[in-house]
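Please take the sequence and the model below together, and keep both at hand while reading. The paragraphs that follow move from the chain as a whole to one helix and then to a few loop positions.

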Amino acid sequence: MSNISPIRFTPILKSVLWGGSRIATFKGIAPSNSLIGETWEISGLDGLETKVAEGEFKGMTISELLSKKGELIMGKRLFQKYGVHFPLLIKFIDAAQDLSIQVHPNDEIAAPRHNCSGKTELWYMLESQDSSIIYSGFKTPTTLNEFKSHIENNTLTDVLACFSPKRGDIFYLPAGRVHSIGAGNLLLEIQQSSDITYRVYDYNRTDFNGKKRELHTELALETIDYQVHDEYCIHTEPQLNCEVEINRCDYFATTLLKVNNSCRIEIANKDSFRIIVVTSGKGNLTDDKGNKAILKQGDVLLIPASTEWIDVATSSNKGIEVISTYIP
């Protein structure tokens, strides 16, 4: 079996009006002259594919890589299902200003409308200012007509569940859940490979030309889940040297790991790649074939499904924290 090392990609930096400068600081990379709202760390979206940063596959897009080594990287089960279309998108998001209130369609709506998958996502909070908020879901059951009325009367936020997030908070956002990231939040986002967003409310803001941004309210109406749900926000404390599952859905499972010495993560028993995101600290990674990688805060690595296991060890007295995700 081929020996494929853990794979790093060159992130795509997305310059947006609401972006800031904290992602560069968090990742320890050179600052940008632009306002960076997102970095797409691993992406297989057409026209926005990340490229391998180093090693024998350097310069290949992720689909080119999968066309050569797809089953070894994805696992047989997932390669048969997705082919060369990588099914997840991994981002860091820095909201220096409030993002619009929005919603994403599910697979059943996105496929005929947009010829793509839906967008279910998860946020792991990295930094939040004292005044920062997150909107996620409704706090009271709301009908479609009531929703339209709140849009018309600028009172939508009155019926949304509002949170003051702190580091380590987890927000699971299935397709159909209305949500928004408030100013001052820095987070990791794990999501289906889709870029379809329906903007339903934008606080009546205007751009530099005095124009309001386009809304997609009519498209959103049949997408929205108007019910109230439990556990919009959860907080799971890491257990030293032991993976803790923080979320599982049809599209991805996610774990949290805090290492103050070393810990082994089994890969092959899942028949899936793993994505490793370093959310704090530094250390190193060694796999079953002897491949090694240095880890630091902000690093994102793709671990091939052909890997049997990886050992994550810290090189700091503060330890290292890792988010891991795979497809169950």
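Among contacts in the protein (heavy atoms within 4.5 Å) between residues at least 6 apart in sequence, 74% join residues at least 24 apart. This is a predicted model, in which local features need pLDDT of at least 70 and side-chain atom pairs count only at pLDDT 80 or more, whereas totals for chains, interfaces and linings use all residues. Residues are numbered from 1 along each chain as its sequence is written, and side-chain values use heavy atoms, with hydrogens and water left out.

The protein contains six helices and 24 strands, where helices (H or I, at least four residues) and strands (E, at least two) are DSSP runs numbered from the N terminus. Its radius of gyration, taken over C-alpha atoms, is 20 Å, close to the 20 Å that the globule rule gives for 328 residues, so the protein is as compact as a globular protein of that length; the rule itself is 2.2 Å times the number of residues to the power 0.38. Along the principal axes, the C-alpha trace spans about 60 × 45 × 40 Å.

Of the 328 residues, 53% count as buried, a term that means under 20% relative accessible area, while exposed means over 50% and partly exposed lies in between (1.4 Å probe, protein chains only). The accessible surface of the protein, computed by the Shrake-Rupley method with a 1.4 Å probe, comes to about 14,400 Å², of which 47% belongs to carbon and sulfur atoms.

Helix α5, which covers residues 144-152, has F147, H150 and I151 as its buried residues. These cover an arc of only 100° around the axis, which puts them on the same side of α5, the arc being that of the directions from the helix axis to the C-beta atoms. An α-helix has 3.6 residues a turn, so residues three or four places apart point the same way. On the other side of α5, N145 and E152 are exposed. What do the buried residues of α5 pack against? Their partners are β10 (134-138), β15 (198-201) and α6 (217-220). After the helix comes N154, whose phi is positive, near 60°.

Two loop positions towards the end of the chain can be read side by side. T307 lies in the loop between β22 (300-303) and β23 (309-314), and with 1% relative accessibility it counts as buried. Leaving aside neighbours within four places in sequence, T307 is in contact with I4, I267, A268, D287, D288 and K289. S315, in the loop between β23 and β24 (320-326), is partly exposed, with a relative accessible area of 46%. With neighbours within four places again left aside, S315 is in contact with K282 and G283. The C-alpha atoms of S315 and K296, which are 19 residues apart along the chain, are separated by 9.7 Å.

N241, in the loop between β16 (233-235) and β17 (244-248), has a positive phi of about 60° although it is not a glycine, and at 28% relative accessibility N241 counts as partly exposed. D271, placed in the loop between β19 (262-266) and β20 (274-287), likewise has a positive phi in a residue other than glycine, near 50°, and D271 is partly exposed, with a relative accessible area of 30%.
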